[in-house]
Amino acid sequence: MSQAGDNAGKGLRVLVQFCRADRRYEPLSALRVRYAIEGFADDHPRAVEHSVLWYTEGKGEEDLVVHFFERVTERSALPPAAASGTFATLLPPSPLSYEGVIVKVRWCVRVRVFFTGGRDFVSEYVFDVGRIPPARLPRGDDP
Amino acid sequence: MKLPRFFGKKRGHRRTGSQAWASFGEGLFHAVLLGAGVVFGGLLASGVAVPEWRINHDFPPTTCTVVAKGLERLAPAGSAAGGAVTWQPCLRVRYEAAGSRQESWTRPISAAPTTDRAAALTRLASWRLGETVPGWYDPADASHVVLERGYNWWMWLLALLLPGALLAFGGAGVARSVRRWGKSEERRAAPSRLSGLLHPLAGSPAQAPDHPGVPACDNHVNSPGTQLRYRLPIESPESWTLLGFGLFAVLWNAILILLVVGAGLDLLGGRTDWLLIGLLVPFACVGIGGIVVFLRGLVLATAVGTTQLEISAHPLHPGGAYDVLLAQGGSGLFTSLDVTLELEEQATFRQGTDTRTEKLVVWRQPVQSWRGLQLASGQRFEGRTVVSLPPTVMHSFASEHNYVRWSIVVRGAPARWPAFTRVFPVVVFPGTVGPGEPAAGHRTEATT
């Protein structure tokens with residue numbers, strides 16, 4: 001399992017483990033993710049949303065499409081009652097991850113934690129679908 | 001309590017801002033539209049729809065006798081001397097209403113107010129004193145009587161159209177804002193049963209079945225080829241430019257003709273408007289220039305001859321090889337005729353209040369070149385070649401603001417005419433070589 005963490009909040013940390021170490025997936029393959037939320041003090045999570053999505057990046061406006069989405073609100077499935085959460089989904093055949101010049105397509109897992117105090121905290125972990133090499137400009141076409 | 005941020009900031013290529021304020025502003029805008037729709041709808045319903053409906057459903061019939069008639073002079077409010085005065089024929093009728101005899105003035109619907117007093121008098125003369133006509137009186141106010149019933153469909157259409165559009169647009173917007181309020185970006189974007197209903201004008205391009213993010217290719221496989229399976233549609237930016245020049249020339253010269261006719265009538269009437277004539281000279285120059293540019297473009301577009309491209313299979317797959325037939329019409333010497341396979345990225349973004357689109361070719365592969373082609377009139381050049389896709393290339397991609405497009409591009413250089421570029425878009429699906437593609441090696445054939 002590949003492990004990554006995000007502690008951009010005040011002591012808050014979301015640890016994510018992908019089922020593949022290199023976080024590189026083939027289209028139509030299974031994606032399994034385990035995550036743990038640590039470091040929250042008095043403000044307890046009231047809901048957690050985990051999603052698998054792709055978005056565009058680059059010069060154009062961002063387009064975002066959610067492939068998998070789940071909102072967990074049962075107290076028994078949330079910290080501190082449950083130490084971690086898991087989810088799994090089958091990836092679609094497209095689009096593939098793409099590192100273009102002015103258009104990029106990125107796949108990611110997002111874990112968003114909503115606290116009882118009203119604030120929320122989001123963690124994002126990029127992974128690859130497919131094996132498309134980055135685009136390079138043809139000779140003489142450098143912008 | 002932390003208030004949402006008003007102002008956004010630039011983060012890399014992306015501009016961030018407050019989702020909360022954006023949702024609030026959008027909701028407020030749609031609420032104003034919805035409110036305007038309710039107010040307009042209420043006014044039009046109470047002023048037009050309800051009275052007309054009551055006349056047709058509630059008013060009991062009676063028989064009216066015309067006892068007097070006259071013209072009502074209607075002057076616009078506040079116009080002492082100027083302003084158009086209209087004339088409305090009116091009849092004073094006597095009738096029985098709920099067991100009592102009534103007498104009152106009424107305006108026949110068919111006798112609309114007119115500025116032509118003679119026409120109003122002629123219309124008034126069609127009723128004779130002592131004549132009996134059918135009528136319908138208001139059971140709530142017996143002094144109110146009408147001589148005609150029916151519906152004014154134009155008024156109903158207007159009454160329903162404007163408030164209906166405001167109610168639908170504003171209501172959908174408010175419902176969308178309420179649905180989105182307080183929800184995360186992912187939750188809002190997650191597909192739901194209401195997505196299609198609340199986003200009827202969403203600008204996402206048509207997508208291939210079972211392949212999210214890949215554009216549909218229905219338009220590429222609906223035209224059979226003469227030798228190969230499909231004839232590819234052409235995407236010629238020059239055609240749109242030509243159409244634009246044509247529309248400009250037509251509209252500009254239509255206005256010019258109107259002005260010339262006006263100036264000519266003035267001259268015939270013995271008046272000379274030098275200012276108008278002075279303006280006509282530059283207007284005419286622009287009009288003639290527009291026609292010349294359009295005709296030149298038309299000649300260039302048609303003189304070179306049509307270009308057709310046929311392909312053995314579609315959609316394309318990475319690693320596949322496809323037979324391609326290029327057919328070029330025209331006559332005379334072509335210095336060169338080149339076929340290339342290109343991958344282009346396209347991004348649409350907002351810059352201030354403008355929406356801009358940037359395109360960039362990020363991959364180009366020469367497929368075939370022909371040099372010194374001599375085309376005879378009435379015949380077309382036909383060249384066959386093979387287009388091969390590398391196994392690890394990006395598939396065609398289409399989302400609302402971003403595209404990755406594949407196309408086969410034909411560039412020609414006729415000896416007597418300017419060079420031309422004709423683009424034939426193709427759709428590349430992800431994955432391995434699909435069924436139906438030839439496992440042919442690279443080969444080239446040409447005939448004229």
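Which residue of β13(B) is the bridge partner of Leu326(B)? In this predicted model, where local features need pLDDT of at least 70, side-chain atom pairs count only at pLDDT 80 or more, and totals for chains, interfaces and linings use all residues, residues are numbered from 1 along each chain as its sequence is written, and chains are lettered from A and ligands numbered from 1 in the order in which they are written. Side-chain values use heavy atoms, with hydrogens and water left out.

The bridge partner of Leu326(B) in β13(B) is Gly383(B). Strands (DSSP runs of E, at least two residues) and helices (runs of H or I, at least four) are numbered from the N terminus, and two strands are taken to pair if DSSP finds at least two bridges between them. Strand β13 (residues 381-388) of chain B and β10(B) pair in the antiparallel sense over eight bridges, while strand β9 (residues 307-311) of chain B runs antiparallel to β10(B) and is joined to it by five bridges. Within the latter pairing, Thr307(B) has Gln328(B) of β10(B) as its bridge partner.

Strand β10 (residues 321-328) of chain B is largely enclosed by the rest of the structure, because eight of its eight residues are buried, where buried means under 20% relative accessible area, exposed over 50%, and partly exposed in between (1.4 Å probe, protein chains only). Both faces of β10(B) are covered, with Ala321(B), Asp323(B), Leu325(B) and Ala327(B) buried on one side and Tyr322(B), Val324(B), Leu326(B) and Gln328(B) buried on the other.

Helix α7 (residues 274-303) of chain B, with 30 residues, reaches 43 Å from its first C-alpha to its last, close to the expected 44 Å. The buried residues of α7(B) are Leu276(B), Leu280(B), Gly287(B) and Gly290(B), and α6 (237-268) of chain B is included in what covers them, as judged by contact (heavy atoms within 4.5 Å). Gly305(B), which follows α7(B), has a positive phi near 100°.

Phe24(B), found in helix α1 (residues 19-57) of chain B, is partly exposed, with a relative accessible area of 43%.

Notes: Expected span 1.5 Å × (residues − 1).
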